Every structure is written in C-alpha cells, then in structure tokens.
Amino acid sequence: MAQASGRIAGKTAFVTGGASGLGLDIVRRFVAEGASVVIADIDAGAGEALAADLGQRFVRLDVSREEQWLAALGTCENIDILVNNAGITTHGSIEELTLEAFRHEFSVDVDGVFLGCKHVIPKMKDRGGSVINMSSMCGVRAQADLAAYNAAKAAVTHLTKSVALHYARKGYGMRCNSVHPGAIHTPILEKVMAQVADGRALYESWVATHPLGRLGRPEEISAIVLYLASDESAFATGAEFRIDGGSSL
Ligand SMILES: NC(=O)c1ccc[n+]([C@@H]2O[C@H](COP(=O)([O-])OP(=O)(O)OC[C@H]3O[C@@H](n4cnc5c(N)ncnc54)[C@H](O)[C@@H]3O)[C@@H](O)[C@H]2O)c1
C-alpha cells in the first residue's frame with residue numbers, strides 16, 4: 001500500500017461488504033489515511049474479527065434489507081463517505097438463470113445500492129460527502145454467461161448518475177460516482193469459478209479479456225476509491241471510473 005498521508009483524516013466512512021476482498025482493502029486503506037470506519041457486512045465473523053484487528057466498529061447488515069439499513073445507519077451520528085461495495089456474482093446465461101436467481105442478484109447488487117444512496121442522505125446532507133458505488137467492467141461490457149450480473153451492474157451505473165443529479169440539485173454538497181473494476185483477485189472469483197464445471201478455463205478466459213495481460217489487485221481499486229472519498233475529487237460526480245486493465249475497450 002502507498003505511503004499514507006491523512007487524505008481523509010477525521011472523516012467517518014461506512015463501507016458495505018467491508019469484511020472481504022475489495023471492501024477489506026478499502027477499509028484498511030481508509031483507516032491508514034486517518035478515517036474512522038464502520039465495517040458493514042452480512043458476514044459477522046469476518047467483520048467482527050477485522051474490526052477488532054483495526055480498532056474500528058462492525059455492524060451486521062444485509063444490504064438488501066431496508067430495516068437493517070435503517071438500524072445500521074441509526075448507530076452512526078454522521079457519515080462523510082459511503083462505499084456501497086457489497087455484492088454477489090451469479091453465473092448464468094438468460095436460458096440458464098431462474099427468475100429467483102435473477103431477483104436475488106438484484107436484491108443485493110441493486111436494491112443494496114439504492115437503499116444506501118437513499119438512507120444515507122439524512123446523515124450526510126448537512127455536511128456534504130461522497131457516495132461511491134461499486135459497479136463493474138461487467139456493467140459496461142456484457143458477457144453471455146453473466147446476464148443477471150451484467151444487468152445489475154449496468155443498473156448501478158445509471159442509478160449513480162440519477163442520484164448524483166438529485167444530490168446536486170438539492171445543494172446537499174453530496175457527490176455520487178461509480179467504480180468499474182475489471183477482474184480483481186478476491187474471494188468473489190473463487191465463488192464464481194465454483195459455479196461452473198471448469199473453473200480454471202473460466203479464469204484463463206478472464207485473463208485473456210484484459211489487454212494488460214493480468215487480473216487486477218485490490219489495492220489498484222482502493223486507490224481510486226480513496227481519491228473519490230477525499231476532497232481531491234470535489235468536482236467529480238455522476239462519473240464512471242474504469243480501472244479494468246483495458247477490458248472494457
Ligand atoms: N473481484 C472482482 O473481480 C470484481 C470486479 C468488479 C466488481 N466487483 C465488485 O466489487 C464488490 C466487492 O467484490 P469482492 O471481489 O470484494 O467480493 P468478495 O466476495 O470478496 O466480498 C464481498 C463482500 O460482500 C459481503 N456481502 C455479500 N452479500 C452481502 C449482503 N447481502 N449484505 C452485506 N454484505 C454482503 C460478503 O460477505 C463479502 O464480505 C462487489 O460489488 C463486486 O461485484 C468485483
């Protein structure tokens with residue numbers, strides 16, 4: 001990780017899906033840069049262990065559940081930075097996917113972002129702040145075998161723009177941007193590989209779609225999330241930040 005220099009010192013951040021993968025790296029980087037971080041995750045075991053390790057606070061949250069959002073945010077006085085990062089990836093084409101699986105994908109990846117962008121407003125609007133939504137390269141470029149995930153991440157992209165316009169129109173001083181990683185080495189990749197017959201071949205196909213010839217690393221994503229969380233990005237809102245090794249080209 002790059003040398004920390006207090007770029008978000010004194011700010012309070014709320015990171016969903018903060019117990020693993022990209023969220024975990026974002027949490028570590030935010031703490032190193034001086035923020036207080038609320039780690040929100042459905043996985044209480046991993047979340048509590050990380051919070052204890054870093055001296056931060058954990059709240060259990062299923063992002064698809066509105067009442068849990070209200071309870072979790074109710075434990076926070078103010079929030080300066082919200083990272084709507086929690087997500088799942090359901091493998092399958094339009095022919096293979098059930099409606100139930102499609103809806104489950106949307107309940108986490110889209111409902112979760114909708115609820116965060118909505119219910120954080122009372123915690124942020126009097127002081128301004130930054131909302132960062134984790135979309136994906138898959139929200140830009142489609143794959144036949146990721147129909148639900150493609151649709152969900154594309155929805156996050158456009159929801160972000162509508163939210164950004166609303167925050168601006170209201171003069172809340174709040175910004176909202178989306179981040180679009182290519183394939184990054186995190187546990188989510190293992191979960192997707194476990195859904196298919198030949199996980200290794202799937203992995204090789206991911207590498208092949210990245211012109212830079214490799215997958216990304218979590219710190220290459222948390223770097224841009226830190227930029228969006230900090231005041232350095234004060235003029236950025238409603239924008240798509242692609243960090244994908246060229247895979248969306
Ligand atoms: N890793 C990649 O290649 C990649 C690429 C593009 C986008 N993304 C996106 O980045 C985000 C993080 O992915 P990751 O790779 O770190 O995955 P991960 O599986 O390592 O971590 C996801 C975290 O979200 C949590 N989570 C899952 N469902 C939840 C729910 N309903 N409520 C609250 N928490 C929940 C999990 O417990 C876990 O801690 C996701 O939105 C994912 O779609 C990942």
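Ala, Val, Leu, Ile, Met, Phe, Trp, Tyr, Cys and Pro count as nonpolar, Asp, Glu, Lys and Arg as charged, and the others, Gly among them, as polar. The model is predicted: local features need pLDDT of at least 70 and side-chain atom pairs count only at pLDDT 80 or more, whereas totals for chains, interfaces and linings use all residues. Residues are numbered from 1 along each chain as its sequence is written, and side-chain values use heavy atoms, without hydrogens and water.

**View 1. The largest pocket.** A pocket is an open set of points on a 1 Å grid over the protein atoms alone, where a 1.4 Å probe fits, with protein on both sides within 12 Å along at least five of seven lines; lining residues have an atom within 4 Å of a point.

**View 2. The make-up of the pocket lining.** By class, the lining of the largest pocket comprises 23 nonpolar, 19 polar and eight charged residues. At least two lining residues each come from α1 (21-32), β2 (36-41), α4 (99-109), α7 (147-170), α8 (187-193) and α9 (199-208); helices (H or I, at least four residues) and strands (E, at least two) are DSSP runs, numbered from the N terminus. The most is given by α8, with five residues.

**View 3. The ligand and its shell.** The ligand sits in the largest pocket (more than half of its atoms lie within 2 Å of the grid points). Two or more residues of the shell around the ligand come from each of α1, α7 and α8. Of these helices, α8 gives the most to the shell, with four residues. In total, 30 residues surround the ligand (a heavy atom within 4 Å), and the closest are Ser20, Asp41, Tyr149, Thr186 and Lys191. The shell holds 16 nonpolar, nine polar and five charged residues.

View 4. A nitrogen atom of the ligand lies 3.4 Å from a backbone N or O atom of isoleucine 42. For leucine 61, a polar backbone atom is 3.3 Å from a ligand nitrogen atom, and for valine 63 the corresponding distance is 3.0 Å. The protein covers 95% of the 830 Å² of accessible area (Shrake-Rupley method, 1.4 Å probe) that the ligand has on its own.

Notes
Polar contact = N/O pair within 3.5 Å; in protein donor to acceptor, adjacent residues only side chain to side chain.
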